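User: I am new to this structure and would like to go through it step by step. Please take my questions one at a time and show how each answer is reached.

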Amino acid sequence: MAKKISSLEDLGGFVFSTNKDFEFNQEENLETLSPSEQRLEAHLDKKNRGGKIATIIKGFQGNEDDLKELAKTLKTLCGVGGSAKDGEIIIQGNFRDKIMEHLQKKGYKVKRVGG
């Protein structure tokens, strides 16, 4: 049975056009806000992770390169793996307090969300 397509996201982010003059510009050069203007949220999550806990930092506003650089810094700080995409940083393990303290020293405004 074919999957029903209900939105453009179901197509994998692709848009089809019959316009010959259409130019697709995938690069969105978002300007990264300064740390004092960022409002981040620190979550703990273990859904869809086989019962393992992950620390998730949400709300980063800026380009992907700066997001990945911040994620690399946090992964090095905690000595664990993780990933960064779609404005979220996922760090393996329960390091929320350590990450929040580090981000606050860097000038970010971090809010603790959840238990």
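**Sheet, helices and core**

User: In what sense do strand S2 and S4 pair, and over how many bridges?

Analyst: This is a predicted model, and the pairing is read from it. Strand S2, made of residues 54–58, and S4 are paired in the antiparallel sense. Within this pairing Ala54 stands opposite Gln92, while Ile57 has Ile89 as its bridge partner. The sense is antiparallel and the count is five bridges.

User: What is the order of the strands in the open sheet, and which are the edge strands?

Analyst: The open sheet is formed by five strands with mixed pairing, in the order S3-S4-S2-S1-S5. Neighbouring strands in it are turned by 20 degrees against each other on average, when direction is ignored. An edge strand pairs on one side only, and that description applies to strand S3 (82–85) and strand S5 (109–112).

User: Which residue in the turn of the S3 and S4 hairpin has a positive phi?

Analyst: S3 and S4 pair in the antiparallel sense over four bridges, and Ala84 has Ile89 in S4 as its bridge partner. The two strands form a hairpin with two residues between them. In that turn, the residue with a positive phi, of about 55 degrees, is Asp86.

User: Across which strands does each helix lie, and at what angle does H2 run to S5?

Analyst: H1 lies across S2, S3 and S4, and its direction is at about 20 degrees to S4. H2 lies across S1, S2, S4 and S5. The angle at which H2 runs to S5 is about 160 degrees.

User: Which element gives the most to the largest nonpolar core?

Analyst: The largest nonpolar core has 17 residues, and those with the most contacts inside it are Ile57, Leu74, Ile89 and Leu103. At least two residues of this core come from each of strand S1 (39–45), helix H1 (64–78), strand S4 (88–92) and helix H2 (96–105). The element that gives the most, with five residues, is H1.

User: Which residues does Leu103 touch, not counting those up to four places away in sequence?

Analyst: Leu103 is one of the residues with the most contacts inside the largest nonpolar core. In soluble globular proteins, nonpolar side chains tend to be buried together. With residues up to four places away in sequence left out, Leu103 touches Leu40, Ile57, Leu70, Leu74, Tyr108 and Val110.

Methods: Residues are numbered from 1 along each chain as its sequence is written. This is a predicted model: local features need pLDDT of at least 70, side-chain atom pairs count only at pLDDT 80 or more; totals for chains, interfaces and linings use all residues. Side-chain values use heavy atoms; hydrogens and water are left out. A nonpolar core is a set of buried Ala, Val, Leu, Ile, Met, Phe, Trp, Tyr and Cys residues joined through side-chain atoms within 4.5 Å. Buried means under 20% relative accessible area, exposed over 50%, partly exposed in between (1.4 Å probe, protein chains only). Contact means heavy atoms within 4.5 Å. Two strands pair if DSSP finds at least two bridges between them. Axes are lines fitted to C-alpha atoms, for helices over the stretch in contact, and angles run from 0 to 180 degrees between N-to-C directions.
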